[in-house]
Amino acid sequence: MSVLTRDEAQTRAQLIDVHRYTVALDLTTGDETFESRAAIHFTALAAGDTFVELKPALLRSVTLDGQPLDPTTLTGNRLALTGLAAGEHELRVDATMRYSRTGEGMHRFTDPTDGETYVYSQMFLEDAQRVFAVFDQPDLKAVFELSLTAPEGWTVLGNGIATDEGHGRWSLAATPPISTYLVAVAAGPWHSVRTEHAGLPFGIHCRRSLAPHLDADADEIFAITRACYDRYHEKFEEPYPFDSYDQAFVPEFNAGAMENPGLVTFRDEFVYRSAVTETERQTRAMVIAHEMAHMWFGDLVTLTWWDDVWLNESFAEYMGYQTLTEATSYTDTWVAFGIDRKSWGYDADQRPSTHPVAPDPAAVPDTASAMLNFDGISYAKGASALRQLVAWLGEKDFLAGINTHFARHKFSNATLADFIDSLAASTDRDVHRWAEQWLRTTGVDTLTPTVDGNGSEAGWTLDVAQQGTRPHRIAVGAYDRDLVDPGRLTPRDRFEIDIPQQDGPTVRPGRRPDLVVLNDGDLAYAKVRLDDRSWATALDSLSAVPDPLTRAVVWNAARDMVRDGELTPTAYLDAARTHLPHESDLAVVQGVLGFAATQITDRYLGPDDRPAALATLTAICRALIRRTEDGNAPGLRLTAVRHFISAATQPDGIQDWLNSDSVPGGPELDPELRWRILYRLAVLGAVDDAAIDGELARDPSATGRQGAARCRAALPDGDAKAAAWERLFRTDDLSNYLFTATAQGFWQPEQTDLVGEYVPRFYTDVVALATRRGPAIADCAGRYAFPLHAVDARSLSLGEESLTGPDLLPALRRKLVDQLDDLRRALRVREG
């Protein structure tokens, strides 16, 4: 199959204008394929040749202006349209298309709980051609009018209001002009909850088996949706541009969500069937806010080519967090961003695969390379840069520039240059220079303080060394130990400085503070360090810092120091053991425990040091469990219980929990906790296939099937590992979610000797797998099937050799490049 190049897209956009698609889909023809008929109305602006994209199981007929074309001329995914005369044309394509099991194109899923079947589209980037014939590029916007034939009893959803015509036939209201990748349909026996807001129909939808869980949260979901909708209408002068707002929680979804106009699709793990923490609810709320922001950033005004993906994702990320903070009860969302999302950006920006937030167009020559840029840079770094921009411009001028941009380019396409011009029209500041410094550069600056003061009241000085070149405006926090209670810290001073410090060190009155924190408030995108005295204070009193966002900044500094080899992993664990039992912010607890478990314990420490690290994690969790016995912090208790289970080195305690179906003092075990315990018991060799079968009989849901696959792959048994490898790399019948679950279970730190023979096999087998199954499975394989716990020179050498092969799918190559760089870092940390 040919990927579309930027040059080809530009040439085609100069040749044709596309006006309307009329698409009819028949979903009643079997389990493997569906029927697709498309009529495309377009204008050739001059005489010439072009092509239309299509990936059919069978191409039955093609007519251009009523004249038949030869279907056998389809080459790969391209059907040539030669000798076009200038003027109006109609192309009709009748084809049979394949359902997907990988979340690409038209995904089909049968719920094991009740046997009901659902289909939904994911046409992102270049997968519309898996559903109907299409000129598949973002700047050929058109009106889409779809009709569907579905089994009786199904409901059809789409970009526009759906009308049931009877006898399984449905029509969708015509859309305004939108890009091909934003077309969406979903069909099945959905459970729906509907309301109306601001004169528009709002709906939320899920599988019938999840209905009680959606109903339980419907008020909360609608409240978040309404609050964000109203806040965006206060910010944006352009009204919501579509006729309805549906949110469908769909199975086996590859992303967190997708911003299809009028029909946002979410992974249905966001319909919580087990207990979750408030930060997890906040995450769901943020995704709702993020996707709604896309209705303007991405859907109303769309990028011209994929080099400007940040115009979609960075803005939706920033607006999601900021609007949630302003309009809902989730007022501390930037803490979660700082401790979780921002580190995603920092990590991505330090790998060889880093790229500018807004890369040079030449760096995104085709759709395959474009897909690689949906990463921590386009999301977290871009959102961080926008936060800096808002602080620099002021929100009034920032919003004025945005609204100018919407007015100039609504229902059309725009580039980085267009956006910067819109901003420049609303401010006297040099936003073009800002864009060059922030959007066209790579890497993370590091800010290191030198703090001087003789202990008297004469004053103290702050000199900040910068490794990097970007300008920053940061806040600095100064804290003193409390004279009465030395365990407490009292804020003394907070001031802003510009980096670089043009006029030399900053001088402040009074004696030297006990703790000086750069980037207090976390507005800057930069790694920060602490001076020696401040670090000593932090080790003693970090949990006493009053503001959770400041604590997140200090914890991130410690995290970066571990990754950069400036702080031992055990010192980080010691700090966590000292302070997490007293930490009040759940996002901070989850972020610190997550890094301590997945990176330090599982990768940065060698086998000899791992038992002590697990004991430290267990001690932290025990302390948190004891602290929450009064029931006042259920999310903190749930987090501690989860990590206690995952850190268990002996089966007896957690086996008792499983047998009694409860943790002493609560919580009772829901399906998520039961599968978590069974998974850990499988790793420890304390269960067998019969126990897994029994739990699956108790929970025969899709999530249960994934839990069982994960447990089977985790068993410390040679036959179990061989069977899992066969399922992953030799058979191609695993869906994307079952593939991921099996891969997650396969590699375990406790089992490195058992699976050592599979390390070299991974680097050969994964190439063939990616070639057979395509980008979605390639991404899953590179992310989850990579031998993470083989932290040794042999694995690194094998991986580097695999990168020299000519047949690597771009999605797989990117994942391997990133994983191998992380492996090098883990080796450096281990070597000290």
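Modeller: Happy to! Just after helix 23, G774 takes a positive phi of about 95°. Helices here are DSSP runs of H or I with at least four residues, and strands are runs of E with at least two, both numbered from the N terminus. This is a predicted model, where local features need pLDDT of at least 70, side-chain atom pairs count only at pLDDT 80 or more, and totals for chains, interfaces and linings use all residues. Residues are numbered from 1 along each chain as its sequence is written, and side-chain values use heavy atoms, with hydrogens and water left out.

Helix 23 itself covers residues 758–773 and bends by about 30° at T764; that bend is the angle between axes fitted to the seven residues ending there and the seven starting there.

Elsewhere, strand 24 (residues 472–481) is largely enclosed by the rest of the structure, because eight of its 10 residues are buried. Strand 24 runs antiparallel to strand 25 (residues 489–499), and 10 bridges join them; strands pair if DSSP finds at least two bridges between them. One of the links is D480 with T490 in strand 25. Strand 24 is also joined by four bridges to strand 27 (residues 515–518), again antiparallel, and there V476 has L518 as its bridge partner.

How values were computed: Buried < 20%, exposed > 50% of the residue type's maximum accessible area, 1.4 Å probe, protein only.
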